[in-house]
Amino acid sequence: MIHWFTHNGGRLGGLLEQHVVLTLWPLAATLVLSIPLGAAAARLRWLRRVLLPLSGVLYTIPSLALFLTLPSLLGTRVLDPVNVVVALSIYGCALMVRTATDAFSQVPATAREAATAIGYGPARRFLTVDLPLAAPVLLAGTRVVAVSTVSLVSVGALIGVGGLGVLFTTGYQRSYPAEVGAGIVTILALALLLDGLLLGVGRLLMPWRRATAPERRSR
Amino acid sequence: MNLLHEAFSWLTTADAWGGSDGLGRAVVDHLSIVAVTFLVSAAVGVPAGVLIGHTGRGRVVGVVLANAARALPTLGLVTLFALGLGIGIVAPVVALTVLAVPPLLAGVYSGIENVDREAVQAARAVGFTQRQVITQVELPLALPVILGGARSAVLQIVATATVAAYVWPHGLGAPILSGLALSDYPRVLGASVVVIVLAVVLDVLLAGLQRLLTPRAMRPARARGRQRARDHAPVADLAPDRVG
């Protein structure tokens with residue numbers, strides 16, 4: 001397998017780049033859509049009653065079937081990478097809306113009331129009270145979505161959208177296990193890297209979380 | 001929308017369902033591989049989960065497995081095992097088992113861990129043996145959570161079995177992939193719709209079973225309020241994993 005890596009560096013780079021692009025778009029779409037939806041669902045019972053069962057159903061749909069059903073609903077071409085991006089955004093949201101709803105539901109009412117009492121408007125309260133208090137749970141949800149999206153993108157190789165999954169189809173066709181193995185290893189590494197990055201970003205954005213860790217005595 | 005129309009009219013033809021490459025046979029094959037894989041996964045995952053949950057040891061292994069399984073690309077696993085084990089049903093079953101064991105295992109051990117310790121101690125106090133504690137106290141009380149894990153395992157298998165058609169041309173993935181190769185899109189879409197319906201129906205049935213087998217006292221009663229029910233839901237280990 002090491003042999004494979006040393007001889008296919010250029011090809012790997014191209015596929016890796018496609019894979020990253022196909023991962024980041026759905027991840028961004030998931031965050032942009034799920035955070036407001038989850039925040040709203042945490043306050044509105046009817047929205048919760050619609051969104052939570054809906055995300056459960058969407059989540060059960062097998063990926064290959066969703067990739068291929070979307071063109072008829074979106075009017076895209078069957079082999080268009082957009083289908084994969086939309087499908088993975090749907091899975092991401094299905095998972096993340098639930099997490100975001102939980103995250104915003106657990107923000108203490110007293111904290112929100114205190115903000116209102118000192119004159120915060122809804123927007124300021126959301127950005128400076130709700131969001132920071134929900135952030136740790138949101139981050140945990142994002143990490144799960146990121147890791148599962150990285151591995152799901154590879155199914156797209158079956159419908160020819162590129163990415164590291166291509167190593168599985170070509171490796172299989174050429175009976176070359178090292179190529180398949182290299183694909184698996186690279187995907188696992190990418191997932192690990194993305195997870196680590198998110199964890200790092202979380203540390204930077206949420207310095208107060210470290211303050212809750214047991215203090216070390218200097219004496 | 002035209003394509004959708006064509007797909008549905010294809011689904012209403014006898015031609016689509018009959019024959020050795022028809023959808024009828026594909027549904028049977030798909031359900032068979034799901035059943036076989038589920039049994040194999042349960043044979044591995046349930047005893048291991050009981051051991052971890054009962055003794056409280058090896059929990060880290062379960063957590064690591066669950067995280068690794070989330071990142072494992074299904075298509076890679078399926079093709080790798082097919083190259084290693086040859087053509088036939090064994091390779092897809094092994095690959096699907098690898099993906100189905102972690103959610104099952106997590107369901108069993110977190111279900112057992114969440115059993116009220118006082119119930120276990122009471123059982124010990126009245127003289128239950130270890131075996132009786134497991135079979136008559138821990139497993140029945142953990143059943144709803146165990147079934148939750150089983151539910152995500154089944155969904156995982158249904159989805160990945162579709163992808164596995166790439167190396168094992170049976171089940172509902174087969175008409176999808178052969179339709180793609182022939183640019184026969186009504187066939188691709190029709191078979192996709194069938195597999196979606198199959199997955200949703202299976203999930204609804206399993207959710208019903210889960211509700212039916214949950215002891216009445218443990219059901220999240222509406223009167224007690226949703227918030228409370230959510231607080232008590234065992235979440236962390238059971239975030240459904242989608243990798244297929």
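Which residues in H2(A) meet which residues in H3(A)? This is taken up in Exercise 1, after a note on the model.

The model is predicted, so local features need pLDDT of at least 70 and side-chain atom pairs count only at pLDDT 80 or more, while totals for chains, interfaces and linings use all residues. Residues are numbered from 1 along each chain as its sequence is written, and chains are lettered from A and ligands numbered from 1 in the order in which they are written.

**Exercise 1. Describe the packing of H2(A) and H3(A).**

Step 1. Helices (H or I, at least four residues) and strands (E, at least two) are DSSP runs, numbered from the N terminus. Helix H2 of chain A covers residues 9-43 and helix H3 of chain A covers residues 45-60.

Step 2. Two residues are in contact if their C-beta atoms, placed from the backbone, lie within 7 Å. Leu37(A), Ala40(A) and Ala41(A) of H2(A) meet Leu47(A), Arg48(A) and Leu51(A) of H3(A).

Step 3. Sort these residues by class: Ala, Val, Leu, Ile, Met, Phe, Trp, Tyr, Cys and Pro count as nonpolar, Asp, Glu, Lys and Arg as charged, and the others, Gly among them, as polar. The contact has five nonpolar, no polar and one charged residue.

Step 4. Axes are lines fitted to C-alpha atoms, for helices over the stretch in contact, and angles run from 0 to 180 degrees between N-to-C directions. The axes of H2(A) and H3(A) are 6 Å apart, at an angle of about 130°. Angles under 35 degrees count as roughly parallel, over 145 as roughly antiparallel, 65 to 115 as roughly perpendicular and the rest as oblique. H2(A) and H3(A) are therefore oblique to each other.

Step 5. A crossing is left-handed if the near helix is turned anticlockwise from the far one by less than a right angle, and right-handed if clockwise. The crossing of H2(A) and H3(A) is left-handed.

**Exercise 2. Treat two helix pairs of chain B in the same way: H9(B) with H10(B), and H7(B) with H8(B).**

Step 1. The axes of H9(B) and H10(B) come within 8 Å and cross at roughly 160°. That makes H9(B) roughly antiparallel to H10(B). Their crossing is left-handed.

Step 2. On the H9(B) side stand Pro175(B), Ile176(B), Gly179(B) and Leu180(B), and they meet Tyr185(B), Arg187(B), Val188(B), Ala191(B) and Ser192(B) in H10(B). By class, this contact has six nonpolar, two polar and one charged residue.

Step 3. H7(B), residues 117-125, packs with H8(B) at an angle of about 160°, with the axes 10 Å apart. H7(B) is thus roughly antiparallel to H8(B). The crossing here is right-handed.

Step 4. H7(B) contributes Ala119(B), Val120(B), Ala123(B) and Arg124(B), and H8(B) contributes Val133(B), Val137(B), Glu138(B) and Leu141(B). This contact divides into six nonpolar, no polar and two charged residues.

**Exercise 3. Which residues have the most contacts inside the largest nonpolar core?**

Step 1. A nonpolar core is a set of buried Ala, Val, Leu, Ile, Met, Phe, Trp, Tyr and Cys residues joined through C-beta atoms within 7 Å. The largest has 120 residues, and Val78(B) and Ala164(B) have the most contacts inside it. Helix H5 (residues 81-105) of chain A gives the most to this core, with 15 residues.

Step 2. Leaving aside neighbours within four places in sequence, Ala164(B) is in contact with Val78(B), Pro92(B), Ala95(B), Leu96(B) and Gly173(B).

**Exercise 4. Describe where chain B touches chain A.**

Step 1. The contact joins 42 residues of chain B to 37 residues of chain A.

Step 2. H10(B) gives the most to the chain B side, with 10 residues.

Step 3. That side has 30 nonpolar, eight polar and four charged residues.

**Exercise 5. Is Tyr120(A) buried or partly exposed?**

Step 1. Tyr120(A) lies in the loop between helix H6 (109-117) and helix H7 (122-152) of chain A.

Step 2. Tyr120(A) has 16 C-beta neighbours inside 10 Å, so Tyr120(A) counts as partly exposed.

Notes
A residue is buried if 20 or more other C-beta atoms lie within 10 Å of its own, exposed if 12 or fewer, and partly exposed in between; C-beta atoms are placed from the backbone.
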